[in-house]
Amino acid sequence: YNERDNLPLLVWMIDKYLGAANIQYEIVIVDDGSPDGTQEAAKQLAKIYSEDRIVLRPRPRKLGLGTAYLHGLKHAKGDHVILMDADLSHHPKFIPQMVAKMRSGSFDIVTGSRYEGEGCGVYGWDLRRKVISRGANFLAQLLLRPGVSDLTGSFRLYKREVLQRLVDSCTSKGYVFQMEMMVRARHLGYSIGEVPITFVDRMFYGDSKLGGSEIVQYLKGLLTLFATT
Amino acid sequence: ALTKLHQWLLAGLALLTAWLLMLSGAVAPANPGLVWRHAAAFLPVYCALALGLASLITVVYRVLTFVDCPQAHAELVKEIETAKADLAKRGFTFTAAS
């Protein structure tokens with residue numbers, strides 16, 4: 001949403017790194033009626049990179065992340081799907097690494113981890129954000145024992161049918177949705193590999209993104225998963 | 001399969017049983033002195049404190065060893081400049097602000 005400036009850069013980088021690794025790709029852009037001209041940018045990119053590769057499937061207004069995934073999935077032609085943020089905090093250079101990991105380990109899912117592995121890390125997080133992140137992750141690990149080091153991350157590679165099944169069965173919102181995907185995946189017996197990633201936060205939302213109500217939502221979601229899975 | 005909640009309740013039940021056995025004297029050393037009786041009585045409290053402390057130390061340790069990657073940011077900034085130039089060459093028009 002409102003990624004008019006980042007979208008062209010993201011597409012350029014995807015094309016650069018996937019092209020270099022000889023990975024055939026298609027980018028499905030689900031825009032929820034951004035007023036800043038994101039769709040206009042997408043159309044320009046489709047002209048530059050070919051309309052086979054840049055697929056714009058907009059929606060009339062903000063309808064939520066889970067349904068955005070479903071919507072995008074409906075229009076995706078590939079048999080593997082990468083979900084990632086469009087604000088450049090997820091770098092496409094890790095995609096070939098994820099693909100390699102999936103092939104070498106025959107995993108159903110490969111998730112980026114900001115916490116573990118050589119080369120992982122974050123940029124732009126102050127002490128407060130780090131404390132909340134580690135605290136929340138610790139609690140989730142303790143309660144859910146998920147076998148995945150980065151539960152709330154959203155940079156992941158899925159086999160298509162795995163993603164379809166997961167998105168159909170997950171019901172939470174926000175951070176908890178990402179956690180629920182991993183927890184349900186384990187429950188359904190899917191194998192999950194991890195690749196260390198760097199997460200560059202340029203937005204510096206600071207307090208606004210991790211305020212009291214977000215924390216409460218997170219705890220409620222965590223306890224729900226604890227009690228139902 | 002059992003939910004995590006059920007697993008915790010079961011584990012809690014097992015620990016509770018063990019503790020009650022200790023309190024009742026059924027499980028005790030040959031000569032239970034004052035120290036043993038005190039420790040047995042307050043065992044749950046000590047365990048909770050120990051777990052709390054271990055958790056705190058773990059989280060503090062993880063915060064302190066959180067990996068920062070300023071070089072990733074620097075590289076990204078450079079790459080963005082390259083991308084903008086290349087896109088402009090290929091006919092992409094950015095907004096005035098970017």
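This is a predicted model: local features need pLDDT of at least 70, side-chain atom pairs count only at pLDDT 80 or more; totals for chains, interfaces and linings use all residues.
Staying with the side of chain A that touches chain B, the elements giving two or more residues are α1 (6–20), α2 (38–49), β5 (121–123), α5 (127–144), β8 (198–200) and α8 (212–228). The largest share, ten residues, comes from α5(A). By type, that side divides into 24 nonpolar, eight polar and ten charged residues.

Salt bridges next. The count between the two chains is three. In one of them, K130(A) pairs with D68(B), with the closest N and O atoms 2.9 Å apart.

Now the overall contact. Chain A puts in 42 residues and chain B 34 residues. Together the chains bury about 3,500 Å², and 68% of that is on carbon and sulfur atoms. On the chain A side, W12(A), R134(A) and F138(A) lose the most area to chain B, together 19% of what that side buries.

In soluble globular proteins, nonpolar side chains tend to be buried together. Here the largest nonpolar core has 39 residues, and L45(A), Y49(A) and I54(A) have the most contacts inside it. Elements giving it two or more residues are α1, β1 (27–29), α2, β2 (54–56) and α4 (95–105) of chain A, plus α3 (70–89) of chain B. Its largest share, eight residues, is from α1(A).

What does I54(A) touch, leaving out residues up to four places away in sequence? The list is V11(A), I27(A), I29(A), A42(A), L45(A), A46(A) and Y49(A).

Last, a second, separate core has 30 residues, including Y69(A), V81(A), L83(A) and M181(A).

Notes. Residues are numbered from 1 along each chain as its sequence is written. Chains are lettered from A and ligands numbered from 1 in the order in which they are written. Side-chain values use heavy atoms; hydrogens and water are left out. Contact means heavy atoms within 4.5 Å. Buried area is the accessible area (1.4 Å probe) that two parts lose on being put together, summed over both. A salt bridge is a side-chain nitrogen of Lys or Arg within 4 Å of a carboxyl oxygen of Asp or Glu. Helices (H or I, at least four residues) and strands (E, at least two) are DSSP runs, numbered from the N terminus. Ala, Val, Leu, Ile, Met, Phe, Trp, Tyr, Cys and Pro count as nonpolar, Asp, Glu, Lys and Arg as charged, and the others, Gly among them, as polar. A nonpolar core is a set of buried Ala, Val, Leu, Ile, Met, Phe, Trp, Tyr and Cys residues joined through side-chain atoms within 4.5 Å. Buried means under 20% relative accessible area, exposed over 50%, partly exposed in between (1.4 Å probe, protein chains only).
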